[in-house]
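Q: I have a structure open and have not looked at it before. Can you walk me through it?

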Amino acid sequence: MKMALLLGLVYIFGWCADNVFGASYMHRPIIICALTGLVMGHFNEGLVIGGTMELAWMGFLPYAGMITGEERIGAILGTYFAISTGNSFEVAIAIALPAAILGANVSTACNTVASYYMHKCDKWAEEGDIDKINKTHVGYGIIKCTLMTLVVIAAVDLGTDAISTAINAIPESIMNGLGKASDLLPAVGFAMLINTMWDKRFFPLYFVGFVLSAYLKLDVMAVTILALGFALFRLFSMEGETNND
């Protein structure tokens, strides 16, 4: 039960990071999986699972109020059951995706029920009663966060044996397929990143990064620090040019 409560706190952190701290992206799998691993005493395993799961989850973004996946629940449950059963990313993603979709359905159901009461905010807005609107939204946020946290706690506290049985029942061919798919995810994630960032202005920078890595034998962290330094230099230079104008 202690572990279930600790993972419930991890969910609360992720929920607040998304809904209270201004969509800080601290709720993404690379953070939540690492925190789950940290709580379990397996930080490195959690970080590896989170980094790989992040690539699988890049398309799981809310759009026009539609929740495609509750990645916090998926990340926590996937990481927890994968580590607790002695398995790796294949099991994590096999659990995380359906858990995230189920969590999204629960979250959407909560929003649907709440919408029947939220229409009162229109009346309060007309009356200029902002205080009631704020209290209603904060109150609903607390209720929803509590409900979703209880889902995580119940799943962790009651589901270990059932999940272990289900994992053992998965055919080896399917697990091998998930393993091969996970090997492709870094390439897919990199391709999506390039597609988003591709701009002729940045084209020379890719060659600079390649030269630094291939010929000067600098690791990724060193290249990243250099890139950050150049970016900050350019940013501050542009501010100086603006002030002079």
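This is a predicted model: local features need pLDDT of at least 70, side-chain atom pairs count only at pLDDT 80 or more; totals for chains, interfaces and linings use all residues.

Q: How many helices and strands are in the protein chain?
A: The protein chain has 10 helices and zero strands. Read from the N terminus, its elements run α-α-α-α-α-α-α-α-α-α.

Q: What share of the residues counts as buried?
A: The protein chain has 245 residues, and 31% of them count as buried.

Q: And what part of the contacts with a separation of 6 or more comes from residues 24 or more positions apart?
A: Such pairs make up 70% of those contacts in the protein chain.

Q: Let's take the helices. How do H1 and H2 sit relative to each other?
A: The axes of H1, residues 2-19, and H2 cross at roughly 155° and come within 10 Å. An angle over 145 degrees counts as roughly antiparallel, so H1 and H2 are roughly antiparallel to each other. The crossing of H1 past H2 is right-handed.

Q: Which residues meet there?
A: On the H1 side they are Met-3, Leu-6, Leu-7, Val-10, Phe-13 and Gly-14. On the H2 side they are Ile-31, Ile-32, Leu-35, Thr-36, Val-39 and Met-40. By class, the contact of H1 with H2 has 10 nonpolar and two polar residues, and no charged ones.

Q: What about H2 and H4, at what angle do they cross?
A: Roughly 40°, with the axes of H2 (residues 29-40) and H4 (residues 71-84) coming within 9 Å. H2 and H4 are therefore oblique to each other. H2 passes H4 in a right-handed crossing.

Q: Which residues are in that contact?
A: H2 brings Pro-29, Ile-32, Cys-33, Thr-36, Gly-37 and Met-40. H4 brings Glu-71, Arg-72, Ala-75, Ile-76, Thr-79, Tyr-80, Ile-83 and Ser-84. The contact of H2 with H4 divides into eight nonpolar, four polar and two charged residues.

Q: Let me zoom in on Thr-79. Where is it found?
A: Thr-79 is in helix H4.

Q: Why does Thr-79 count as buried?
A: Buried means under 20% relative accessible area, and Thr-79 counts as buried because its relative accessibility is 0%.

Q: What does its side chain reach?
A: The side chain of Thr-79 reaches the backbone oxygen of Ala-75, at 2.7 Å.

Q: And what is Thr-79 in contact with, leaving aside neighbours within four places in sequence?
A: Cys-33, Thr-36, Gly-37, Gly-46 and Ile-49.

Q: How far apart are Thr-79 and Pro-29?
A: They are 50 residues apart in sequence, and 9.4 Å apart in space from C-alpha to C-alpha.

Q: Buried or exposed?
A: Phe-81 counts as buried, at 2% relative accessibility.

Q: And how far is Phe-81 from Ile-95?
A: Their C-alpha atoms are separated by 7.9 Å, and the two residues are 14 apart along the chain.

Technical notes. Residues are numbered from 1 along each chain as its sequence is written. Side-chain values use heavy atoms; hydrogens and water are left out. Axes are lines fitted to C-alpha atoms, for helices over the stretch in contact, and angles run from 0 to 180 degrees between N-to-C directions. Helices (H or I, at least four residues) and strands (E, at least two) are DSSP runs, numbered from the N terminus. Angles under 35 degrees count as roughly parallel, over 145 as roughly antiparallel, 65 to 115 as roughly perpendicular and the rest as oblique. A crossing is left-handed if the near helix is turned anticlockwise from the far one by less than a right angle, and right-handed if clockwise. Contact means heavy atoms within 4.5 Å. Ala, Val, Leu, Ile, Met, Phe, Trp, Tyr, Cys and Pro count as nonpolar, Asp, Glu, Lys and Arg as charged, and the others, Gly among them, as polar. Buried means under 20% relative accessible area, exposed over 50%, partly exposed in between (1.4 Å probe, protein chains only). A polar contact is a pair of N or O atoms within 3.5 Å; within protein, one must be able to donate a hydrogen and the other to accept it, and residues adjacent in sequence count only if both atoms are side-chain atoms.
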